Amino acid sequence: MAFSGSEGTIIEIGTAHTLTYAYQEAHPDEVKGYFFGKNKLMSLLSQTGCVGIRVYFGLEDSTPKLVLVGAKSNEDDMTGLILDGGCPSPPETGASNTLNNI
């Protein structure tokens, strides 16, 4: 198989709410998500040969982390530029965030 750059599925807000609610209900004291800035994401995506972003789960001092890396069409990771350090939610959460359920 090879990546085309079109992987993933666009979903409705109701489906997104159901998914995030289920996770947050099962893990009420955990990080709910992370914010990554557009400029950092564009840096990953603008690498020559990058067709998308792969997200790995990580753990640092018992806190879940996300590690983002560009991916090539042959499914290889691009290890020249790797992104971590997103803003966790909570505490950084907007007042009217529909997917911040619990």
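**Cysteines, strands and charged pairs**

Author: Let's begin with C87, which counts as partly exposed because its relative accessibility is 34%. Buried means under 20% relative accessible area, exposed means over 50%, and partly exposed is in between, using a 1.4 Å probe and protein chains only. This is a predicted model, so local features need pLDDT of at least 70 and side-chain atom pairs count only at pLDDT 80 or more, while totals for chains, interfaces and linings use all residues. Residues are numbered from 1 along each chain as its sequence is written, and side-chain values use heavy atoms, with hydrogens and water left out.

Reader: OK. And C50, buried or exposed?

Author: C50 is buried, because its relative accessible area is 14%.

Reader: How many disulfides are there, then?

Author: Zero disulfides in the structure. A disulfide would be a pair of cysteine sulfur atoms within 2.5 Å.

Reader: New topic: strands. Where does K65 sit?

Author: K65 is in strand β3. Strands here are DSSP runs of E with at least two residues, and helices are runs of H or I with at least four, numbered from the N terminus. K72 is in β3 too, and that strand covers residues 63–72.

Reader: What does β3 pair with?

Author: β3 pairs with strand β4, residues 77–83, in the antiparallel sense over four bridges. Two strands pair if DSSP finds at least two bridges between them. As an example, V69 has I82 in β4 as its bridge partner.

Reader: How many residues are between β3 and β4?

Author: Four, and the two strands form a hairpin. In the turn, E75 has a positive phi of about 80°.

Reader: Now R54. Which strand is that in?

Author: R54 lies in strand β2, residues 50–60. The side chain of R54 also reaches the backbone oxygen of E75, at 3.2 Å. That is a polar contact: a pair of N or O atoms within 3.5 Å where, within protein, one must be able to donate a hydrogen and the other to accept it, and residues adjacent in sequence count only if both atoms are side-chain atoms.

Reader: What does R54 form a salt bridge with?

Author: With D77, and the closest N and O atoms are 2.3 Å apart. The pair links distant parts of the chain, since R54 is in strand β2 and D77 in strand β4, 23 residues apart. A salt bridge is a side-chain nitrogen of Lys or Arg within 4 Å of a carboxyl oxygen of Asp or Glu. D77 is partly exposed because its relative accessibility is 27%.

Reader: How many salt bridges does a search of the whole structure find?

Author: Three. K65 forms one with E60, where the closest N and O atoms are 3.5 Å apart. K65 and D84 also meet in a salt bridge, at 3.7 Å from N to O. K65 lies in strand β3 and D84 in the loop between β4 and β5, so this pair ties together parts that are 19 residues apart in sequence.

Reader: What links E60, K65 and D84?

Author: A network of salt bridges.

Reader: K65, buried or exposed?

Author: K65 counts as buried, because its relative accessibility is 16%. E60 is partly exposed at 43%, and D84 is partly exposed at 40%.

Reader: Why might charged side chains pair up at all?

Author: Side chains of opposite charge can pair when their charged atoms come close.

Reader: Last one, K72. What is it in contact with?

Author: Leaving aside its neighbours within four places in sequence, K72 is in contact with F3, G49, V51 and M78. K72 counts as partly exposed, because its relative accessibility is 35%.

Conventions
Contact = heavy atoms within 4.5 Å.
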